[in-house]
Amino acid sequence: MQLGRQLFFDPILSADQTISCASCHQPNLGGADGVSYSSGVGGLKGNMNSPTVLNARFNFVQFWNGRARTLEQQALQPITNPMEMNLSLDELELRLNISDSYPLAFKAIYGSRGITRQQVAEVIAEYVAALVTPNSRFDRFLRKELELTPQEQNGYELFKSLGCISCHNGINVGGNSYQKIGIINSWQGAPGVDLYARTGRETDRDHYKVPSLRNIALTAPYFHDGSATNLSRAITMMADDNLGVRLATNETADLEAFLRSLTGEIPVIFGLP
Amino acid sequence: MNRPSRIHLFHKINLTLLVAVGVGVLFWFIHHYGKEELLYHAASVKQLDALEHEGSQLNSHLLEIKLSTYPNYDDFNEHIERRWRLYNVLLNSENKESMHQHSSQDAMQQLGNTFAEAEHLIRDFQRLHSTLRNSSLYTHRLSQQLIFAAAGMADREKVSHIFDISDTIATTSELQTDKWLPLLQEKIIQTEQVFARDWEDKHEAASFLAHAKLFANHFSDYLNIQHNLDMVGRQEQNIISQLRTRLDHDGQEELNLLVQLSYAIFLALTLAEVLIIYFLIKAERAANMDDATGIGNRRAIEEHIKRYHEPSLFLINLDQFSHVNSIYGSRAGDALLRQVVTRLQHRYSGKAELFRVSSKSFALLFDALGKAHYSQMTSDLLSLLEDATYDIQGIPVRISSSISIADIPPLLEHANIVLTDLKQRRHAKYAIYSKELGLEARIESNLNILEQLKTAIENDRIHPYFQPIFCNRSGRIEKHECLIRLETAAGEVIPPIKFLPIARESGLYAPLTRIMVKKSMSYFRDKEGDFSINLSPEDILNLETMAHIFADLDLEPDLARRITFEILESEKVEDWSVVKTFIQWAKGLGCRIAIDDFGAGYSNFETILALQIDYIKIDGSLIKSIDTDQNAEMVTRTILEFARHIGVKTVVEFVHSEAVHAKVCELGADYSQGYHLGMPAAEIMTTALSGVDATMV
């Protein structure tokens, strides 16, 4: 896991050695990067908002459109993505194998000579799988360790009664199904890399993996295009576009308070090694 | 014979090892194939069971989500993951079941397809479920608000429209039917028109219609997905049961194969066992068989005798067979033996069994022959063997044989005793064992003598006796021959004929010689006259004995000059050079040398000439009847003439009568000894016998 941590923070994984995994998944930004679109090598802008790595292991698929089933399948894709780290896997293996520390570290784990892409994927996935944020206020409330504030409590009730819960459910409060963004009011923004981009099925347009709401307060801006700059804006937009509800100001505030209770403890290992 | 039999052994071991390796390979195969395959089989069955179980869980997951107030898709996702995991394990174990790979590949492919399809359907279901759940929730909730508002305005048309839509959605949702969907869609269009009149800007009205439309547009899809899931589920169960049938079939086949393999192992083990038994029997037979002739050996006799009721054993000895071996080589010897065996087998097949007992003796084993036939059988045998001419590499050879017969157990031992006795009695050709022969007693007495000999040596009861040797010319005692005597514990004095042959064979001979040399020398140290001591070629060849004699003579050179060594001329001496060296050395010390028992059988004038001896002692067998036997006289005369010719003095032994004495004197022998002239005694004689003819002096 320490090896995965080292790789996660090492810009050696990008073509020009300027970007690491942590560049877009920053520990102090809730495992995301605080901007609508991340910058890749050579300052290239991406076309999707960087999702958090925190609790990624509980998502049923990885990426916004679920093109990776597992963390292992996910791990290498940003490295090779031309808009992200833009490093070929051959180059990746070469770089690691001629580096000072990696050959020994990998040999200690795998016992064999020669670092392979598969090993890199496994090591990074192992590390990311460890990045979970337990003991949020809401978790502790569910364990009956504490009472929510009345506002949080109201927010929780609204969350259920308004039907947010229809899509944001399960251990990650989301991250367990694909849903359409803008089911009542069609999405007005530019089309992102949605499920349709992967399946080509007309009915999959504007469908994305429902994001987890854990630590949602830390990962502004919101949505696949980062179009909602703050949490209350995101709540309002979701209610309007997906539920057809115009929320009262206090309702938005209550919901926001509830969502803030989903912020958990950032793991110690999520930081520079 | 060693080499071929060793190679044979090598082959046997190879063959046995081969069978062992075969069994090992079978075991390995059963272990590897059987165990691995059965394990995979069991694992496959387990995966199938688990998959079937998961399949049956699908509907309950669907139902759970549909009935629960707040959906949770995690369970559903885990269900999908579990199914894929099981599927991959199954795929792996199917692939490892190499023999049946192809048979289930298609089914596995189909199963994978249904899983993928089911997953798609489930994803769609999750999507629609969230949407429809919220839509029915909102149509219901908004309908209440809108009805209140419309009622406030007494707009009964709106109230009825809103109610109808809400009610249809609720009923449709509850009954899970698409029956009223067209009606619903129609209603929505109408309501839209009604709302458009004055509720165009009313958000709740727009939202209500949006949700109602969502419901109306997607509910049939929702039902279809469930229907399709049901179909896929059924398909899946079919494939699983197909796989299971195939797996059962494969399992049966594997079991059959294992059963066959176990038969093979059983057979291989049995074969190995049979081989071992076969080789054991062969080894046993080989141990009981003579290599050169292929007939039973000494061991075999013991085995075979047990089967006879009234056995009689004829032991046939080929006399001087060792000469054949040493002259023509052992191959020729073996060839001769085979010819002998062929003759014997040919004659006695069915009547007696033939064995080879030793290098030159055979045994014929008869059953119930009857003592009356022994004599006839023996002469038959002798003529069969001795009248024939054997061919050794083109050279005709005849053999001589002697036969001993025993019918009292232990047969072979008794026959051997008789045969040994027979050899000593030179001219007899056969003898029959009987208790009356007293041969055992003789052996017993031999053992007894040996014991006496030992104690005598230990207790200093070996003594020299002295027999005078007379000069025929002067009639005076010129010297004495020292003769060995054994005094028993009881004081009885035993002549050497009783114990010397036994001593020779027992290794006590050398000490006797040393004692005799020492005691004779010490006796004559303070006496007058010369004396002679007997030495056999064995003594001369015995380094230890020689070392003793050398030491004794070196110490007393004066005494040494008075000694005559009487050396027995013997057929056993192959290398006369040692004897020659001894003679040279002894003569260097002043000793004289006599050849003893000359003319007894093996005398060789040439040898005598080469040895530079001083005396020839003519063998008693020639002398004892010289007064009557013309031949003996002639031979003696020849020897005496020869001796005179080469300047060697002659001594005659066994002069037992006056007539003999007169005869030897007449023939010109130089010296005489014999019982007639003087008996051996513990002390030397100093006076001449009266019987000595004065005229001869």
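B:Thr636 sits in helix H21 of chain B, which covers residues 630-646; helices here are DSSP runs of H or I with at least four residues, numbered from the N terminus. This is a predicted model, in which local features need pLDDT of at least 70 and side-chain atom pairs count only at pLDDT 80 or more, while totals for chains, interfaces and linings use all residues. Residues are numbered from 1 along each chain as its sequence is written, chains are lettered from A, and side-chain values use heavy atoms, without hydrogens and water.

Is B:Thr636 buried or exposed? B:Thr636 counts as buried because its relative accessibility is 0%, where buried means under 20% relative accessible area, exposed over 50%, and partly exposed in between (1.4 Å probe, protein chains only). Beyond its neighbours within four places in sequence, B:Thr636 is in contact (heavy atoms within 4.5 Å) with B:Ile618, B:Leu622, B:Ile623, B:Ile626 and B:Leu667. The C-alpha atoms of B:Thr636 and B:Leu667 are 8.3 Å apart, although 31 residues separate the two along the chain. A polar atom of the B:Thr636 side chain also lies 2.6 Å from the backbone oxygen of B:Ala632.

Turning to the interface, 26 residues of chain B are in contact with 28 residues of chain A. The two chains bury about 2,300 Å² between them, with 46% of it on carbon and sulfur atoms; buried area is the accessible area (1.4 Å probe) that two parts lose on being put together, summed over both. B:Tyr70, B:Arg127 and B:His203 supply 27% of the area that chain B buries against chain A, more than any other three residues.

Side chains of opposite charge can pair when their charged atoms come close. Four salt bridges cross the interface of chain B and chain A, a salt bridge being a side-chain nitrogen of Lys or Arg within 4 Å of a carboxyl oxygen of Asp or Glu. B:Glu119 pairs in this way with A:Arg69, their closest N and O atoms being 2.9 Å apart.

Over all chains, the whole structure holds 45 salt bridges. In one of them, B:Asp49 meets B:Arg244 at 2.7 Å between the closest N and O atoms. This pair links distant parts of the chain, 195 residues apart, with B:Asp49 in helix H1 (residues 2-67) and B:Arg244 in helix H6 of chain B. B:Asp49 is partly exposed at 37% relative accessibility, and B:Arg244 is partly exposed at 22%. Another salt bridge joins B:Lys158 to B:Asp155 at 3.0 Å; here B:Lys158 is buried at 0% and B:Asp155 is buried at 13%.

Terms used
Helix = DSSP H or I, 4+ residues; strand = E, 2+ residues; numbered from the N terminus. Polar contact = N/O pair within 3.5 Å; in protein donor to acceptor, adjacent residues only side chain to side chain.
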